[in-house]
Amino acid sequence: DFVAMLYDHVVIDLPRTWRPWTDAILGASNRIYVVTDMTVPGLRFARRLSDKIAERLDGPVQPQVIVNRFTSGVGNGLRASDVEKALNGSYAGSVGNNYGLVREAIDRGLALEDVRPNNNVSADIARILFSETAPTTWKSRAIDFFSRF
């Protein structure tokens, strides 16, 4: 509650195992995202986890799944339609695979936008987080959001 009073956006990366305080965190959240990779086991786990969270919370906030390092059908056999079907309505969107950019940003301790302005990873994340706003607005909101880190 204290952190939420200080900041407009609070991101909490929860551990994979359920803790006694997990219900309180999820119950107070206005958005819940399960992040997975683009593999069949990853998609299955994400769907089961999002279903379990929705069942456990039984509230207005429904968990959604973000597919990280998304590649469209190149070498892995999965297509975007396969991902959407596997997630059965809980698919929030995907973040493109740009490992080099992300690795460079981490190694240098910089925000993605500082390494490469207007990159595809920031744009994908912004599209998911700010999808309810107009396209011209989400880009500026994303740059503002990511520049705070």
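This is a short walk through one protein model, from the overall picture down to a few residues.

First, the ground rules. The model is predicted, so local features need pLDDT of at least 70 and side-chain atom pairs count only at pLDDT 80 or more, while totals for chains, interfaces and linings use all residues. Residues are numbered from 1 along each chain as its sequence is written, and side-chain values use heavy atoms, with hydrogens and water left out.

Now confidence. pLDDT is the predictor's confidence in each residue, from 0 to 100. The protein averages 85, and 85% of the residues score at least 70. Where is confidence lowest? In helix α8, residues 135–146, with a mean of 54. Helix α5, residues 99–108, has the highest, at 96.

Next, the layout. We have eight helices and three strands. These are DSSP runs, numbered from the N terminus: helices are H or I with at least four residues, strands are E with at least two. Along the sequence the pattern reads α-α-β-α-β-α-β-α-α-α-α.

What about contacts? A contact means heavy atoms within 4.5 Å. Take the contacts with a separation of 6 or more: 60% of them join residues 24 or more positions apart.

On to burial. Buried means under 20% relative accessible area, exposed over 50%, and partly exposed in between, with a 1.4 Å probe and protein chains only. Of the 149 residues, 32% are buried.

Let's zoom in on Ser-94. Ser-94 lies in strand β3, residues 91–96. Is it buried or exposed? Ser-94 counts as buried, because its relative accessibility is 19%. Its side chain makes a polar contact of 3.3 Å with the side chain of Tyr-91. That term means a pair of N or O atoms within 3.5 Å; within protein, one must be able to donate a hydrogen and the other to accept it, and residues adjacent in sequence count only if both atoms are side-chain atoms. Leaving out residues up to four places away in sequence, Ser-94 touches Val-67, Phe-70, Asp-124 and Ile-128.

Second stop: Leu-112, in helix α6, residues 112–115. Leu-112 has 16% relative accessibility, so it counts as buried. Beyond its neighbours within four places in sequence, its contacts include Leu-101, Val-102 and Ala-105. Ser-122 is another contact of Leu-112. Those two are 10 residues apart in sequence, and 6.9 Å apart C-alpha to C-alpha.

Last stop: Arg-16. Its charged end sits over the ring of Phe-45, 4.3 Å from the ring's centre. The test is CZ of Arg, or NZ of Lys, within 6 Å of the ring centre and within 35 degrees of the ring normal.
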